[in-house]
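Visitor: I would like a quick tour of this structure. Please keep it brisk.

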Number of protein chains: 2
Amino acid sequence: MRAFARAACVVTLLASFVSGASGATDSPAVAAAREARAWRQTHERDILREFVALLAIPNVARDRSGIERNVTALAAMLEHRGLEVRVLRLVDAPPIVVADLRARGRARTIAFYAHYDGQPADTLSWNGLPWTPVLRDAAGHEQPLGVAGALDPESRLFARSSGDDKAPILAMLAALDAMRAAKRAPAFNLRLVFEGEEEAGSPHLGAYMELAPELLRPDAWLICDGPVHQSGRPLLGFGARGTTGVDLTVYGPVKGLHDGHYGNWVPNPISRLAHLLSSLRDDAGRVTIPGYLDAVVAPSEAERKAAAAIPDVEPTLRGEFQIGGVEGAGEALNEALLRPAINIRGFQSGNVGTRATNTIPTEARASIDFRLVPAQTPASVRAHLERHLRTLGWTLVDSEPDSATRVTHDRIVRLSWGAGYPPARTPLDAPFSLEVATVLGTIGRDPVRTPTLGGSVPMYLFEQPRGTPAIILPIANHDDNQHAPNENLRLQNLWDGIEVFAALFASLER
Amino acid sequence: MRAFARAACVVTLLASFVSGASGATDSPAVAAAREARAWRQTHERDILREFVALLAIPNVARDRSGIERNVTALAAMLEHRGLEVRVLRLVDAPPIVVADLRARGRARTIAFYAHYDGQPADTLSWNGLPWTPVLRDAAGHEQPLGVAGALDPESRLFARSSGDDKAPILAMLAALDAMRAAKRAPAFNLRLVFEGEEEAGSPHLGAYMELAPELLRPDAWLICDGPVHQSGRPLLGFGARGTTGVDLTVYGPVKGLHDGHYGNWVPNPISRLAHLLSSLRDDAGRVTIPGYLDAVVAPSEAERKAAAAIPDVEPTLRGEFQIGGVEGAGEALNEALLRPAINIRGFQSGNVGTRATNTIPTEARASIDFRLVPAQTPASVRAHLERHLRTLGWTLVDSEPDSATRVTHDRIVRLSWGAGYPPARTPLDAPFSLEVATVLGTIGRDPVRTPTLGGSVPMYLFEQPRGTPAIILPIANHDDNQHAPNENLRLQNLWDGIEVFAALFASLER
């Protein structure tokens, strides 16, 4: 690492000369982006090879064996490039990989965050396998991986985490490779921070930050996660919705019963759970839990205006998703994301289709995730939901009820709460916010600026101590099927990401 | 068959002498029951062996290979006992097996119905395998099958269709074996009729009856299906609820979407289906489809009284099922069964628990079966449901909607209707009704008489030409887990059934 830093320090002075085709007045951002493109164009197959190797390692947070293999691979990739790598470990938590590239004489440290874990994958629903990366052209035809030759930038690499969230990791490393080749050093102390349980709700990120503040309290954060705007333009996210989740189990008879002999008398758990869920939100998506919205702070005028200024891609999205209508009452997508959401992500009980049997099932299960906006917290969501269910006559339990409980309570629901965190917002006009947006504008990538992402990243942690700027900078295509089967990354998004990171690395010097 | 009939005819005159321990004044029913018991006590292992062999043959109606194996086995079992066997066949339908044992000089033909097909089985939910019969004692310990020695009558044979509905088939054949051993002939032309798609809704039974009226229009029917009363007493059912079923598919986006980025805007199909289902019935089981109950004829005073006279076993059932409350408003089980029921038998969408992902799923599916009472019909149920859904704004389709349909309709539900049939009732005071009840009383098995079973058998077909008496006579234990995993038959119920059939075969002479 040090050798690289020394060399880079000298070369910075010569940047405009070294970069050859550029004019002498090019800013470091423009020069670095141009150099990154040139380097990428001659190394696409190498980048892809390294990406495929990383994607082939299963990365579900609770699969510790797969997680450790990811950590080993990442550490090797970073050390190979001369970064100083530290693997932070807490018992029973996936490690955080921290890698530093110091810039001599610079006080400022900017951290770029990504996560190397991915969502669980329902293997049977994939066209292929989640951890067997496959390259397909725009028509869906599989393309050979281990060969030479040009790559179609519209082709896509299919694998779990190809978009969410290993793409930024590869793009950052390729940007560093390009800068090293151009003998250009970062303009600040660059820190890469790769988390391993973001998709599990980042339950230990706060503890890690408290235990290693010297590593995890930089001057500013760029959180590289999520997709760019659906228009294809780069996106800067100045906030994120918070999240929490709960699994509900409603109980019927202790064994499956013939519904002819007992229907109308033995309670049907599917019907009861359907009524329970229907009491949480109407089918236009509006929350109907009494008092639930009391914790919500209305978006500011500036946030509303920024949301309204985001390009309208709704007709395109409707066609792409093949939906004939939307939730809410005529609200725009970006306005809808300023509200809290209750998403039912699963419902399982009995069987359907040819597997259906005329049975009153023993239980019905649903899984819900909540998206939070200021000033909701996971605790306030939990309190509101639980109070609502008690008001409806439910008895709440947190483990499998025993016989005595079952026979003495008519409506029992088991709640299993997942981890969660609150929402966060960074002012659109904070100095760092303006600085980052300017760099992107300089290289011809004027960003869409959104007051909050609909999705969740644990942004509130990054903003500690209070006021630390944190901005979300995604690179993945919006239609990357993240969290779903057949997740994919469009290659051009990876190529663009490399240029964006090179420009930022080279220029955020203050 | 004829040789047996001739011999039996002679021996009938000598019955009271042959039966040894009996008094000379015993009725044929009492004598036949006593003889059946004695014969059974020395042949339990043989009966069990034959039962196990039949249960080992998979018998889901749509599995034609398994169905044919059942037919072959049944024909052999019946021919071995001298019955004249005819296998009725319609293209694409499981065969009906008809077997006759004629009584010389008797004009009356009484048919005993059972079905040899069984419900599909969710193999993973079984403690064992559905078509690998296992004998377990009352404590659940597996008992060896292929050995000699006494059998605990409280032990149970676990297999799909052990209760529903192969038990009556075995009991009838054992009753015939016992009568042959005692040289006692049936008092009427006995016909056994075994159907092969009852659990699929008997879609071809009517066609079979029209094509072979000489075989399928007897003077009276005993429909041997379902469980005895929960008190353990024999049960006669003078009616059955009708049935029909539908599968519903509600559509979300054409691919799974990150619910953070699109929640509140892209419709959630689980939420929509939950609301749809919640509009059909309240969670106390009362139907809330407007106009649905207009087709329902209120039960007669006699039916209400009969229902009220049925022994109260509800506290026992509540304990057995471990339920802390029941549907309806304080109604007794047997009163509740006089009403139509809407049972949601399955709901599937997305994933729950550790498999849950933060996705808006592409579709949500539910399966419903309806229990019908006079004068509902499958057509009236369908008309009411479809009108209700249209009123709620749903677009109804009967196949997978194409893109053009999806983008132009906000709420699309695909309906797949199954086969079905109307309810039926036979008067409690019809001559045949009184005759059968008297025989059971004579052998000390005074029956519980119920105006209607909660379950469904295609009884309306048996009552053609109108007025043909048809009575349901079950032998299985009420807690046999029929239609559910771990279906089982308590051995004492099989032993009792043999005596009941022997008494009826010997005495319904008119």
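Visitor: How many residues does the contact take from chain A and from chain B?

Guide: This is a predicted model, where local features need pLDDT of at least 70, side-chain atom pairs count only at pLDDT 80 or more, and totals for chains, interfaces and linings use all residues. Residues are numbered from 1 along each chain as its sequence is written, with chains lettered from A and ligands numbered from 1 in the order in which they are written. Two residues are in contact if their C-beta atoms, placed from the backbone, lie within 7 Å. The contact takes 83 residues from chain A and 83 residues from chain B.

Visitor: Which element gives the most to the side of chain A that touches chain B?

Guide: Helices (H or I, at least four residues) and strands (E, at least two) are DSSP runs, numbered from the N terminus. The top contributor gives 9 residues and spans 341-350. That is strand 13 of chain A.

Visitor: What is the bridge partner of Gln348(A)?

Guide: Two strands pair if DSSP finds at least two bridges between them. Strand 13 of chain A and strand 13 of chain B run antiparallel, joined by 5 bridges. In strand 13 of chain B, the partner of Gln348(A) is Gln348(B).

Visitor: How many residues of helix 10 of chain A are buried?

Guide: A residue is buried if 20 or more other C-beta atoms lie within 10 Å of its own, exposed if 12 or fewer, and partly exposed in between; C-beta atoms are placed from the backbone. The cover over the buried residues of helix 10 of chain A includes strand 13 of chain A and, from chain B, helix 10 and strand 13. Among the buried residues are Pro269(A), Arg272(A) and Leu277(A). Helix 10 (269-278) of chain A is mostly covered, the buried count being 9 of its 10 residues.

Visitor: What distance separates the centres of domain 1 and domain 2 of chain A?

Guide: Domain bounds come from an automatic or database domain assignment. Domain 1 of chain A covers 2-240 + 424-507, and domain 2 covers 257-303 + 356-422. Taken over C-alpha atoms, their centres are separated by 38 Å.
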